[in-house]
Amino acid sequence: MAWVLKMDEVIESGLVHDFDASLSGIGQELGAGAYSMSDVLALPIFKQEDSSLPLDGDTEHPPFQYVMCAATSPAVKLHDETLTYLNQGQSYEIRMLDNRKMGDPPALSGKLVKSIIRVVFHDRRLQYTEHQQLEGWRWNRPGDRLLDLDIPMSVGIIDTRTNPSQLNAVEFLWDPAKRTSAFIQVHCISTEFTPRKHGGEKGVPFRIQVDTFKQNENGEYTDHLHSASCQIKVFKPKGADRKQKTDREKMEKRTAHEKEKYQPSYDTTILTECSPWPDTPTAYVNNSPSAAAAFTSPPQSTCSVPDSNSSSPNHQGDGVSQASGEQLQSSATIQETQQWLLKNRFSSYTRLFSNFSGADLLKLTKEDLVQICGAADGIRLYNSLKSRSVRPRLTIYVCQEQLGGTVLPGQQQAAGSGGDSGSGTPHVYHAIYLEEMLASEVARKLALVFNIPLHQINHVYRQGPTGIHILVSDQMVHNFEDESCFSFSTVKVENGGGIHIILK
């Protein structure tokens, strides 16, 4: 019995020794030295990820950054562009920050740059009809601007400029080495450009865009440096605060999982980089009263867009009146198409059609042009492209009597008559088209058709009952029947001071 108990003790001690040995082995495998973090990070998978990270020197660094001091909306989903609400007429600060690194070459040190701030449409459809939209706004709000600079509150801006024909843009000079803040005021609201239906329409978004230029070799600020923009909506005073509060309350009611799909609201709005606005950069000129529009285009192209006054029918340059009636050919180049638009008073659309040749423009349908240019200018451009002449208000047929009349020196015999009245050959009548129902227009057209010097025509009479001569007045012309036939003779004035024309 004692022997059995001793054997049990030997077996138990052996088992304990074996268990301790196994534990010691496990401890050696799980030692701290076997799984150090340096060895883990040295694995190939981590080396591959680490090498894919961009180096600081490889990342592009924009030269400037623009920050608008207005909070972004919390109701914007992730990966969407931020949206900022503004109050109409309220001043908002845009900080113009120099974002260059210490090691960058000091190309702009001690030099001024020019920035243009614009409020433009975010919707592409409205961008195509921007001119018509802004002209309609100008008509409803005469004397107002869409965008203004609050100069007393701004800091560091120099030589501010506004163009009366560009209500949505302001420009100024500033030094990147100094603190600069531009305070802007947007006077249009988003619902002003929404079709009126039943009330409560959703306003259209705008964009605030900043384009910055440096001087070129000629001292003009035309070399593009940087552009950035952000999306905004403009409400009536205090409306942006209410909209921001409404969005914040809606987000608070959402679950934590739903909130993860939306961006947080930030106190400021950072303008993101974008392409420059497709306007020809303008040159800064001296601020003199004679230069009403300080936005003169650089003289490197003959197709520079003039100011808005050039669209007036009475404002035509040298040689424009001769070419204004020319038809646009399908073989016209881009430059020739631009010249045709300018000569035919479509200067507002030269930027829009800057890449159109004659064939491209002629391919557009009437509906396309109305959608792009609006109803009025779209129809006018369509008629000009198709060379549709204006229908005359009155047409009369006239021939000149040779017997008993006075033939003036230099007057072409064939222009007035188609044959000898005594030979029985029928007279040839000429059509005269009157665009204006005026007696002076009748005299001018008779002089043009029958080659009579206009300055020699004293009066135009109409032969009445019993052979009396009735002076042709504007009221008489209004009472002419359309397609009436007249013959006329010329009577020389006794004192030699010209002639009278008598219609019969």
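Close-up 1. With a disulfide taken as a pair of cysteine sulfur atoms within 2.5 Å, the count comes to 0 disulfides. Cys 399 is in no disulfide, and the nearest cysteine sulfur, that of Cys 485, is 8.8 Å away. Cys 399 is buried at 1% relative accessibility, whereas Cys 69 is partly exposed with a relative accessible area of 25%. Here buried means under 20% relative accessible area, exposed over 50%, and partly exposed in between, with a 1.4 Å probe and protein chains only. The model is predicted: local features need pLDDT of at least 70 and side-chain atom pairs count only at pLDDT 80 or more, while totals for chains, interfaces and linings use all residues. Residues are numbered from 1 along each chain as its sequence is written, and side-chain values use heavy atoms, with hydrogens and water left out.

Close-up 2. Most residues other than glycine have a negative phi. Asp 159 has a positive phi of about 55° and lies in strand E6 (residues 157-163); Asp 159 is partly exposed, with a relative accessible area of 29%. Phi of Lys 238 is near 75°. Lys 238 lies in the loop between strand E10 (221-235) and helix H6 (239-252) and is exposed at 56% relative accessibility. Helices (H or I, at least four residues) and strands (E, at least two) are DSSP runs numbered from the N terminus.

**Close-up 3. An open sheet of 5 strands.** The strand order is E5-E8-E3-E1-E11, with antiparallel pairing; two strands pair if DSSP finds at least two bridges between them. Strand E5 (147-149) and strand E11 (269-270) stand at the edges, each with a single partner strand, so one side of each is left without a neighbour in the sheet. E5 pairs with strand E8 (residues 180-186) over 3 bridges in the antiparallel sense, and Leu 147 has Val 186 in E8 as its bridge partner.

**Close-up 4. The second largest pocket.** This pocket holds about 360 Å³ of space. A pocket is an open set of points on a 1 Å grid over the protein atoms alone, where a 1.4 Å probe fits, with protein on both sides within 12 Å along at least five of seven lines; lining residues have an atom within 4 Å of a point. The volume is the space filled by probe spheres set on the points, which are joined across faces, edges and corners. Of the 19 lining residues, the closest to the centre are Leu 83, Tyr 85, Lys 202, Lys 233 and Lys 243. Strand E2 (83-87), E10 and H6 each supply at least two residues of the lining, and H6 gives the largest share, 4 residues.
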